[in-house]
Structure formats: C-alpha cells, structure tokens
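Okay, everyone, thanks for coming.

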Amino acid sequence: MTGATADLMPGETLLYSWGISARSFFIRVGAIVGIWVVLGQIGSLGQGLPVTLMAVPGAIVFGLFYMWVFGELDLWAQHRDTNWHLTDRAIHIVPGDDLPARLPLAEIRRINRWPLWSLVVRFNTCTATTLPIPPNPAELRRRILAARAKAIPEGTA
C-alpha cells in the first residue's frame, strides 16, 4: 500500500490511520522499570539499605537489561515505519513484511487490552495478532469494535 488507500477494496472506506506511539512506548518502558523498582525495594528491605537508594538505579539497569534481552528495545525500530489503516471492512497493515496485510473485521472475535499499551486482536480461527503500542489504545479498540459492528450484519456476530 503506497499511501493510505492504494490496496483498499472497491467501495472500502478509510476510517482511521495510525502508527506507533511514543507515549505508549514510554508507558511500556515505565511499566517495566516500575516492576523492577518494586522488585528492588522488596530485595533491599532485608539488607537494611535505604530502599529508594538501591531500588531506582537497580531498576533502571535491570529494566534496560530486561528490555535488551527480550527485544523490547527493538520494538520501536521494528515498527517505526509501519502504518495501520482501519477501514469499514478491515485493518490494513503497511508495510506487512512479517504481519498479514489485511485483517478482515468480520473475522475479529474480540480485542484484549492486556498489556495496556497494546491491543491483542483475537480471530474466529483462534489465532491472534498484536497491534503494538498504538496511540490511545482504549479509543482505538472502541473505533475497531464500532467498525466491526457496522461491518457484520446484525444477528451474525
């Protein structure tokens, strides 16, 4: 898809477009570092050390290490040029190098908001795909479900 509408089906209408969100990415980073802060505080309590003094630097180091080992830092690089387009019939993924290029709305069973910074789209085929770090995931979920409700004839969902 070169541009937002190049691969749309005849009569398909573009409703919304988005890319990954820096805000959602930093919420994700903050959540991971926050978990390490809590773990650092728990670990330092038994040693009689000031909790904050040991927890924060350790959390940053271990949080970044965790993100490096499990590829979290690569997420931005992998998706920085990817665009998603919601139409009245499907979600289009551009470029679709490692993802399906078109996700028909009629095949979506549900959309999970866990983790809070992404959306996990579950299909009728019992498969799923993640829409990573979109801007305002709750609003995007609402938009997709509204488009899906219009796309599926009443009584067949």
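Before the rings, one working definition: rings of Phe, Tyr and Trp, with Trp taken by its six-membered ring, pair if their centres lie within 6.5 Å, and planes under 30 degrees apart count as stacked. And please keep in mind that this is a predicted model.

So, how many aromatic pairs does a search of the whole structure find? The search gives four. Let me take you through two of them. Y16 and W18 sit 5.7 Å apart, centre to centre, with 25° between the planes, so by the under-30-degrees cut-off that pair is stacked. Next, W18 also pairs with W84, stacked again, at 6.2 Å between the centres and 10° between the planes. Now, W18 is in strand β1, residues 14-18, while W84 is in strand β2, so this pair ties together parts that are 66 residues apart in sequence. Put together, Y16, W18 and W84 make one aromatic cluster.

For W18 the relative accessible area is 4%. Y16 comes out at 22% relative accessibility, so that one counts as partly exposed. There's also a charge to look at: R143 lies over the face of Y16, 3.9 Å from the ring centre.

Okay, on to the core. The largest nonpolar core has 26 residues, and the ones with the most contacts inside it are W18, I91, I108, L131 and I144. Who contributes? The elements giving two or more residues are α1 (22-45), α2 (51-69), β2 (83-87), β3 (90-94), β5 (108-112), β6 (119-123) and α4 (137-151). The largest share is from α1, with four residues.

If you click on L131 and skip its neighbours within four places in sequence, you'll find contacts with W18, W84, I91, S118, L119, V121 and I144.

What is the strand order here? It runs β5-β6-β7, an open sheet of three strands with antiparallel pairing. The edges are β5 and β7 (128-131); each has a single partner strand, so one side of each is left without a neighbour in the sheet. On average, neighbouring strands are turned by 25° against each other, direction ignored. Lying across β5, β6 and β7 is α4, which runs at about 165° to β5.

Let's zoom in on β6 and β7. They pair antiparallel over four bridges. R122 stands opposite A128, and V120 has T130 as its bridge partner. Their hairpin has four residues between the strands, and C126 there takes a positive phi near 70°.

Which face of β7 is covered? That would be the one with T129 and L131, whereas A128 and T130 are on the uncovered face.

Last stop, A128. Its relative accessibility is 40%, so A128 counts as partly exposed. Not counting residues up to four places away in sequence, A128 touches V120, V121, R122 and F123. And for anyone who likes C-alpha distances, A128 and I108 are 9.1 Å apart in space and 20 residues apart in sequence.

That's my tour; over to you for questions.

Technical notes. Residues numbered from 1 in each chain as written. Predicted model: local features only at pLDDT ≥ 70, side-chain atom pairs only at ≥ 80, totals over all residues. Heavy atoms only, no water. Core = buried A, V, L, I, M, F, W, Y, C linked by side-chain atoms within 4.5 Å. Buried < 20%, exposed > 50% of the residue type's maximum accessible area, 1.4 Å probe, protein only. Contact = heavy atoms within 4.5 Å. Phe/Tyr/Trp six-rings, centres within 6.5 Å; stacked < 30°, edge-to-face > 60°. Lys NZ or Arg CZ within 6 Å of the ring centre and 35° of its normal. Pairing = 2+ DSSP bridges. Axes fitted to C-alpha atoms, helices over the stretch in contact; angles between N-to-C directions.
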